[in-house]
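Student: Could you take a close look at one strand residue and its surroundings for me? After that, I would like to hear about backbone angles in the loops.

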Amino acid sequence: MKKLTFSMFKIKPASRLFFASCALALLIGCESTSPELDSSLIPEAQRKEYQLAMSKAKACPINLAELTDSRSSKDLLVGSRNVTEDTLYTLLQQSLEAMNVSPNNEAGNSVKIVLNRAFVKSLGSNMVATVVLDVMYKPRNANEFSPSATFRGQSVNVIEDSNHKDSNEIAIDAMQTAIIDATKRIKSSLLHNCGDALSELEHAV
């Protein structure tokens, strides 16, 4: 079992907007949307609030105390090839670091994250990727981590629109977006614990 040495959040009203946007992405279009462009799916009147919430989530440093993989089968079989355990770890680490969750952060808030499930399946012309992360959170000055909470991320890629990529490449792309989705949900749920740094950012916008 691989292990790294990272913290978790409760859901505020601003987070509900993000969750709604994730559902909206699946309802409006099947093709996976780039994480940098997903705000285009949000009504214009609410887009500034969403973008501010994402900026605040990225600005909030979280210490990654632990990252483990509890899956019984570590590789994903896609067609005749595997998406390996190392590939999933790399995608997860990159997504966490992009959202300012890292073992290198000397932050008061900490998380332990468990990769519980990761799977891909074909539905007609779409490939659906799902990742399930269990997160335990410890705020600054606390002695223990919270009970585990579950965060799910999902992505849908249209196979015909994937520029002749093979099933393994499509699965990796879909899994990367699913992991980013789950990571954003984790960070959004923890915003209320991020303190003065985020209020300074809000005043600057």
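Tutor: Let's start with T150, which lies in strand β8, spanning residues 149-158; helices (H or I, at least four residues) and strands (E, at least two) are DSSP runs, numbered from the N terminus. This is a predicted model, where local features need pLDDT of at least 70, side-chain atom pairs count only at pLDDT 80 or more, and totals for chains, interfaces and linings use all residues. Residues are numbered from 1 along each chain as its sequence is written, and side-chain values use heavy atoms, with hydrogens and water left out.

T150 counts as exposed because its relative accessibility is 55%; the cut-offs are under 20% relative accessible area for buried, over 50% for exposed and partly exposed in between, with a 1.4 Å probe and protein chains only. Leaving aside residues up to four places away in sequence, T150 touches V132, L133 and D134, where contact means heavy atoms within 4.5 Å. L133 is 17 residues from T150 along the chain, yet their C-alpha atoms are separated by 5.8 Å. With D134, the side chain of T150 makes a side-chain polar contact at 2.9 Å. Such a contact is a pair of N or O atoms within 3.5 Å; within protein, one must be able to donate a hydrogen and the other to accept it, and residues adjacent in sequence count only if both atoms are side-chain atoms.

Now for the loops. N141 sits between β7 (126-138) and β8, and its phi is near 75°, a positive value in a residue other than glycine. N141 is exposed, with a relative accessible area of 78%. N100, in the loop between α3 (85-98) and β5 (101-102), has a positive phi near 70°. At 21% relative accessibility, N100 counts as partly exposed.
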